[in-house]
Amino acid sequence: MLVLLPPSEGKTPATSGDPVDLAALSHPMLADARRRVGDALATVSGQRNALTALGVGPSLAKDVARNTRLWTEPTGPSASVYTGVLYDAAGMAAWDDATMRRADERVRVISALWGAVSPADLIPAYRLSMATTLGRIGPLGAFWRNHLDGPLTAAADGTVVVDCRSSSYAAAWTPRHAPWVAVKVLRELDGKRSVVSHMAKHTRGLLTGHLMRFETAPQSPRDVADAAAGLIGVSLVDVALEARAKGPDVLTLVVAG
């Protein structure tokens, strides 16, 4: 099983730790691509139009300024650098050693800067969205699409890919050599079901944390659905799996309104 997550928009900077070692991150074959993006990000972040170029507002000026120090900033596990609704719901920062070892093999955060990292990888905080067009590198979704297929196909190793990404991050890699299931979240209120946004992040986080508790990882979409059903009566009211001829199967998690 390979669980794909989006990064959090906000990051919690590490207060101590060595600078990032690109060769020590998961998928070291991506080191050159990571260096290119990081160098471009540091350059753009130091320009007068940095906020506009990165598509952020004045309140994030300090985050953008930190990008200029990317290669000297302290690092921490991405499980603690990435924060927000999904990561809090997964309880990622509090995972014990055994859970983190499983996640190091089974979880990849798709990143505009790093391509893909595991929760155990040591990274600095940064500000960059996959929707950004970054200098001469161009659209980051297209850039990473040219680099991620080999590493992530190998990481999936033919078993199920559980896709919890948002659309801009989904553009960076399409699984082609493994069963693939996209996670959809609906809210049930007064007998009617509707799409939700904030609750979707929370629920995908709950699913991620739940899946990491299994010593033997699910191997198929049906296995994932069966595992998710363990949350019915706790966090969910229903789970459904829809097989599709094209694209991913769809795993629908239904929460109470």
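Which residue takes a positive phi in the hairpin of β9 and β10? It is Asp190, with a phi near 55°, and the hairpin has 2 residues between the strands. Before going further, a word on how to read the model: it is predicted, local features need pLDDT of at least 70, side-chain atom pairs count only at pLDDT 80 or more, and totals for chains, interfaces and linings use all residues. Residues are numbered from 1 along each chain as its sequence is written, and side-chain values use heavy atoms, with hydrogens and water left out.

**The hairpin**

Strand β9 (residues 180-189) and strand β10 (residues 192-195) run antiparallel and are joined by 4 bridges; two strands pair if DSSP finds at least two bridges between them. Within this pairing, Arg187 stands opposite Ser194 in β10. Glu188 and Arg193 also meet here through their side chains, in a salt bridge of 2.7 Å, N to O. Glu188 counts as partly exposed because its relative accessibility is 27%, and Arg193 is partly exposed as well, at 43%. For these classes, buried means under 20% relative accessible area, exposed over 50%, and partly exposed in between (1.4 Å probe, protein chains only).

**The overall fold**

The protein's secondary structure comes to 11 helices and 12 strands, where helices (H or I, at least four residues) and strands (E, at least two) are DSSP runs numbered from the N terminus. For 257 residues, a compact globule would have a radius of gyration near 18 Å, and the protein agrees, with 18 Å. That radius is taken over C-alpha atoms, and the globule rule is 2.2 Å times the number of residues to the power 0.38. Along the principal axes, the C-alpha atoms fill a box of roughly 50 × 40 × 35 Å. Buried residues make up 51% of the 257. Of the contacts (heavy atoms within 4.5 Å) between residues at least 6 apart in sequence, 68% join residues at least 24 apart.

Helix α1 (residues 31-45) has 15 residues, so at 1.5 Å a residue it should span 21 Å; its end C-alpha atoms are 21 Å apart, which agrees. The expected span is 1.5 Å times one less than the number of residues. Buried residues of α1 include Ala33, Val37, Leu41 and Val44. The helix's buried residues pack against α2 (50-54), α3 (61-67), β4 (115-117), β6 (133-134) and α7 (140-145). Asn49 sits in the loop between α1 and α2 and counts as partly exposed, at 42% relative accessibility. The C-alpha atoms of Asn49 and Pro139 are separated by 18 Å, and the two residues are 90 apart along the chain.

**Salt bridges**

A search of the whole structure finds 10 salt bridges, each a side-chain nitrogen of Lys or Arg within 4 Å of a carboxyl oxygen of Asp or Glu.

| Asp63 | Arg127 | 3.3 Å |

Salt bridges that share partners join Asp63, Arg66, Arg69, Glu73 and Arg127 into one network. In the table's Asp163 pair, both Asp163 and Arg165 are buried. Arg127 is buried too, with a relative accessible area of 13%.
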